[in-house]
Amino acid sequence: MGRIVTKISIYNRGDQVLAERNLIAPSEVRSLELNEVLVDTGATTLCLPAPQIEQLGLSLLREVPVTTAQGMATARIFQDAKLSLFGREGTFECLELPADADPLLGVIPLEFLGIELDLKNQELRLLPLDPQASYLRI
């Protein structure tokens with residue numbers, strides 16, 4: 001099995017809304033550029049270490065039970081993480097990881113953004129493969 005890593009940009013969507021309403025300067029929108037994010041099909045959503053969530057200033061949404069390699073645990077979910085990847089954007093919940101963990105990109109953001117794993121070439125690719133089609137369905 002291979003390993004796929006990617007570069008992503010993450011923004012605090014709440015900050016973006018405040019900037020759009022001229023309540024804060026665009027330069028005050030908190031964001032991160034992460035160069036080595038592991039694409040993990042075993043993870044459900046975007047998962048970031050606690051210090052990165054704090055740096056983004058994301059708001060706590062709720063605590064949830066999660067399944068980990070060590071068994072069941074409780075994790076915190078934060079809201080309004082706007083993810084940018086390959087020119088596509090979406091706003092997602094973010095699961096908090098321990099401070100020393102690596103960030104993970106799970107299947108929900110990938111599916112929503114129309115991005116799939118190319119395991120043979122160890123990379124991500126944009127859908128649709130046919131330029132006359134769309135990855136979005138109704």
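The legends below describe views of a predicted model of one protein chain.

**View 1. Overall fold of the protein chain.** The chain contains three helices and nine strands, arranged along the sequence as β-α-β-β-α-β-β-β-β-α-β-β. Its C-alpha atoms occupy a box of roughly 45 × 40 × 30 Å along the principal axes.

View 2. Of the 138 residues, 38% are buried. The accessible surface comes to about 8500 Å², and carbon and sulfur atoms contribute 50% of this area. Of the contacts between residues at least 6 apart in sequence, 58% join residues at least 24 apart. There are 12 positive and 19 negative side chains, with the centres of the two sets 5 Å apart.

**View 3. D80 in strand β5.** D80 belongs to strand β5, which spans residues 71-85. Its phi is near 70 degrees, a positive value in a residue other than glycine. Most residues other than glycine have a negative phi. With a relative accessible area of 33%, D80 is partly exposed.

**View 4. The cis peptide bond between L127 and P128.** The bond joining L127 and P128 is cis, with omega about 0 degrees. Most peptide bonds, by contrast, are trans. P128 is placed in the segment after β9 (123-126).

Note on methods:
Residues are numbered from 1 along each chain as its sequence is written. This is a predicted model: local features need pLDDT of at least 70, side-chain atom pairs count only at pLDDT 80 or more; totals for chains, interfaces and linings use all residues. Side-chain values use heavy atoms; hydrogens and water are left out. Helices (H or I, at least four residues) and strands (E, at least two) are DSSP runs, numbered from the N terminus. Buried means under 20% relative accessible area, exposed over 50%, partly exposed in between (1.4 Å probe, protein chains only). Contact means heavy atoms within 4.5 Å. Accessible areas come from the Shrake-Rupley method with a 1.4 Å probe; for residues, only the protein chains shown count as cover. Lys and Arg count as positive and Asp and Glu as negative; His and the chain ends are not counted. The place of a charge is taken as NZ of Lys, CZ of Arg, CG of Asp or CD of Glu.
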